[in-house]
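This report looks at local backbone geometry, nonpolar packing and aromatic contacts in one protein model. Please read it alongside the sequence and the coordinates.

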Amino acid sequence: MTLEPLALPTSDWSDWLDGYAHGNLRAATDTLLRIKDGTARDTRAVLELWNDADIALRAADSAAGLLAEVHPDPAVRELAEKLSQQVDRVRTDRDLDRELYDVVAGTDPSGLDAAAHRMREHVLRDFRRSGVDRDEPTRTRLREISERLVVLDQEFGRAIRDDVREIRVRPEQLDGLPADFIAAHPVSDDGRVAVTTDYPDLHPFRSYARDTDARRELTAEFDRRGWPVNDAVLHEMLDLRDEKARLLGFDGWPDYDAAVKMIGSGRAIDEFIERLSTAAEAAARRDLAALLARRREDDPAATGIDRSEVAYYIELIKREQYDVDAREVRRYFEFARVRTGLLEVTGRLFGLEYRPVDVPRWHEEVAVYDVYADGERRGRIHLDLHPRAGKYKHAAQFDLVAGITDRHLPEGVLVCNFSRGLMEHQHVVTLFHEFGHLIHHVLGGRQDWVRFSGVATEWDFVEAPSQMLEEWAWDPSILRTFAVDDKGASIPAELVERMRAAKDFGKGLNIRTQLGYAAISYLLHRDRPADHTAAALDALHRHSLVTALPDTHFQSSFGHLSGYTSGYYTYLWSLVIAKDMFSAFDTEDLFEPTVAHRYRDRVLAPGGSRGAADLVADFLGRPFTFAAFESWLNP
């Protein structure tokens, strides 16, 4: 059967989105009514109707959720947010519908295949986690909480997305920055240069600008985004999540959220954070001592390192001690060549071909490709990789269409904020990482049940495939295929080897910083302190060992508090698994097809049709362990 991708509009995006979303919402509602119309149906027929409704709901949710973050027209973004609220209202009503629950619960699971059996169990589990078995007043309150949380999540994200700040510096304060950065930042009529908190400005400025005061000012503005408006939003968000969890019989949100993840409980999150914090203690202390020693060469009275100094002094040490100047490395990573290289590398690794297509898109800079395997179209990807006003400010993969066997091609969207010219190598690594999610969405998009389509494993596993793909952005022979300067010279192998040596510097401090973020995410939900800023700064300093700047409010722009809630630990949990999975590859030949295809077929292609631990064990031939991670952290 030949499947066609979703046809996007050439104009009138508001009309298209409104019609598409409402059409799918009507289809979902009508299908759910059929389930409880009294007709006698066998178990599979009931599940297939549920699946049909779920496909329609996910279609409406994906389109609205994406366009709320990327469309250049504020009116379309506003409409998309309202439609997302409507989708959630229909989903909440479904999950609290006792009559629907009774129909599904009354089905007989005997005779179902493994995937259908897992589907039935997940549907019933979701019903219970929504509170369908509670009394009417409780269900009413849970419905109110769910609807309000959707609005709060949107407000939290919008405050971050729209709060682009800038500092105005004297031209001499650009000293240390690459020539192309300076050229892209002309002097205004007032004799000043504007530098914003968007990533293409922020990262180079914090890494290379020699002016301490200017770096500190930009970092402080970055850590004040979303403040003060998000303070009240976050307090209400955390309170409502906690109330929901307790109404459902949990001791708090972290326990509720972790119950369906690999880690299992809130207490296990705390234990995991402490385990990794102890493991990284010695390495982090060594890193901090090295940074402070180098800083004291500039300021003998220095007693610590703050958030405006970490990137700068890490880069300085890499230049001076490892002979790696990231400003020079950048010249090998021109954006268009990197994008081409990414497609060539992942195509070869996974047996894929990307064919560019000229189709309607929401912005002219979006690049669209159809993905083929063995001559068959398997999906479509949309790459939206540069910053603009009103766009999502970080890097993430969004769904556009969930893949369903013989019904829908999977379509995913990569949303990032990279430079249009030369890229930092760390941004190349980020691009590989995020593309890992996109590949997972496409390759995992051949499922009968939409519930298991794409990146549909337990949430604390989803980063592992992406983190593992980062390794291909560090291999000298791979980089030489696309890392070329403007004279056509490939990046020297010896430079890549120095880069690889230099990347190990600071990893202890980086792990501890990530643990600080994980602790913020967990502790704000567990304790719900009156003063979020004090709690966040304490967690950051205790784990990261780095001092926050005065009058800053990191948590107010910590976007993961919306989507990941108390589960930011996911990044490190997944990293443990990623390091273990990568140990199965031959580092002398990362394209070796036997292991690459085994990984593709046993980890990515199944989507969420099996538990993540089972997928990993099937690939490795054993359960995952911490050994590879601990060996990497403390060689």
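The text below turns from the backbone to the cores and then to the aromatic rings.

The model is predicted, and local features need pLDDT of at least 70, side-chain atom pairs count only at pLDDT 80 or more, while totals for chains, interfaces and linings use all residues. Residues are numbered from 1 along each chain as its sequence is written, and side-chain values use heavy atoms, with hydrogens and water left out.

**Backbone**

Most residues other than glycine have a negative phi, and most peptide bonds are trans. The peptide bond from W227 to P228 is cis, with omega near 5°, and P228 is placed in the loop between α9 (212-222) and α10 (229-247); helices (H or I, at least four residues) and strands (E, at least two) are DSSP runs, numbered from the N terminus. D323, which is not a glycine, has a positive phi of about 55° and is found in the loop between α14 (310-322) and α15 (326-329). D551 likewise has a positive phi of about 55° without being a glycine, and its place is in the loop between α22 (532-544) and α23 (560-563).

**Nonpolar cores**

A nonpolar core is a set of buried Ala, Val, Leu, Ile, Met, Phe, Trp, Tyr and Cys residues joined through side-chain atoms within 4.5 Å, where buried means under 20% relative accessible area, exposed over 50% and partly exposed in between (1.4 Å probe, protein chains only). The largest such core has 112 residues, and those with the most contacts inside it are F333, I381, F435, W472, M581 and F585. A second, separate core of 54 residues includes L67, W362, A396 and F398.

**Aromatic rings**

Rings of Phe, Tyr and Trp (its six-membered ring) pair if their centres lie within 6.5 Å, and planes under 30 degrees apart count as stacked, over 60 as edge-to-face and the rest as tilted.

| Pair | Centre distance | Plane angle | Class |
|---|---|---|---|
| F558 and Y568 | 5.3 Å | 65° | edge-to-face |
| F629 and W632 | 5.6 Å | 45° | tilted |

F558, in the loop between α22 and α23, and Y568, in the loop between α23 and α24 (570-582), are 10 residues apart, and both are buried. F629 and W632, by contrast, both lie in helix α27 (residues 627-633), 3 residues apart; F629 counts as buried at 1% relative accessibility, whereas W632 is partly exposed at 23%.
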